[in-house]
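Subject: Structure handover

Hello,

Here is the structure for you to take over.

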Amino acid sequence: MRDLFDQGRAMSPALIKTGTGVLGALLGAAGALVFLQGLGNILSFNAPLTGIIQIAGGLGFLLAVYLIVRLLGESVMALHRLNDRLTVLSSELTANRTSADLTPQPAAKPAPVKSTASKPARRSKAKTSSKPAEQKQPAEESTGESTAKSTSTAEA
């Protein structure tokens, strides 16, 4: 949460405690009024059941509001503590990094960079026969030669 008057600054935990304390006092005063009104209804004997319901419902509602606000205030304070711890941790890490950067380290030899600008891009070609269509041998001759080649390799 941000401060009411200075939005660039976060609320302090003391301000959150004060705010929940003031709200608790206001809810306590409202609870006292609800209790007295319900007690008046019970003692007047006009509507005793209404007075009991009024006391129970009014005090229950005010107590629920107070507990919700109190829990939200506690969670905001826990987030403030976490933020403070992270700030300290961050400052320690940056202090360690700057001291490590100040120590001289041996210069590393840079890796050679390969230039790809001089090489043309390779294109994939579909498989085609190396012989033109006119020079292709008939199918009968090519099968005879392949069987001859396979028998000669088997003999060797």
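This is a predicted model: local features need pLDDT of at least 70, side-chain atom pairs count only at pLDDT 80 or more; totals for chains, interfaces and linings use all residues.

R70 and E74 both belong to helix 2 (residues 48-102), where they sit 4 residues apart, about one turn of the helix. The two form a salt bridge, with 3.6 Å between the closest N and O atoms. Side chains of opposite charge can pair when their charged atoms come close. The structure holds 1 salt bridge, formed by R70 and E74.

The mean pLDDT of the protein chain is 75, and 56% of the residues reach 70 or more.

As for the overall layout, the secondary structure comes to 3 helices and 0 strands. Along the sequence this reads as α-α-α. The protein chain has 156 residues, of which 10% count as buried. The chain exposes about 13500 Å², and carbon and sulfur atoms supply 64% of that area. Of the contacts with a separation of 6 or more, 46% are between residues 24 or more positions apart.

T20 is found in helix 1. Is T20 buried or exposed? T20 counts as buried, because its relative accessibility is 16% and the cut-off for buried is under 20%. Leaving aside residues up to four places away in sequence, T20 touches Y66 and V69. The side chain of T20 also reaches the backbone oxygen of K17, at 3.0 Å.

A32 has its place in helix 1 as well. With a relative accessible area of 41%, A32 is partly exposed. A32 and I55 are 23 residues apart along the chain, and their C-alpha atoms are separated by 9.6 Å.

L43 is another residue found in helix 1. L43 counts as exposed because its relative accessibility is 57%, and exposed means over 50%.

L43 also takes part in a nonpolar patch on the surface, together with F35, L36, L39 and L59. The accessible area of these residues together is about 440 Å². Which element gives the patch its largest share? That is helix 1, from which 4 residues come.

To recap, the items to find in the viewer are:

- the salt bridge between R70 and E74, both in helix 2;
- T20, buried, with Y66 and V69 among the residues it touches;
- A32 and I55, with C-alpha atoms separated by 9.6 Å;
- the nonpolar patch of F35, L36, L39, L43 and L59;

Regards

Technical notes:
Residues are numbered from 1 along each chain as its sequence is written. Side-chain values use heavy atoms; hydrogens and water are left out. pLDDT is the predictor's confidence in each residue, from 0 to 100. Patches are made of residues with over 30% relative accessible area and no salt bridge: like charges are joined within 9 Å, nonpolar side chains (Val, Leu, Ile, Met, Phe, Trp, Tyr) within 5 Å. Accessible areas come from the Shrake-Rupley method with a 1.4 Å probe; for residues, only the protein chains shown count as cover. A salt bridge is a side-chain nitrogen of Lys or Arg within 4 Å of a carboxyl oxygen of Asp or Glu. Helices (H or I, at least four residues) and strands (E, at least two) are DSSP runs, numbered from the N terminus. Buried means under 20% relative accessible area, exposed over 50%, partly exposed in between (1.4 Å probe, protein chains only). Contact means heavy atoms within 4.5 Å. A polar contact is a pair of N or O atoms within 3.5 Å; within protein, one must be able to donate a hydrogen and the other to accept it, and residues adjacent in sequence count only if both atoms are side-chain atoms.
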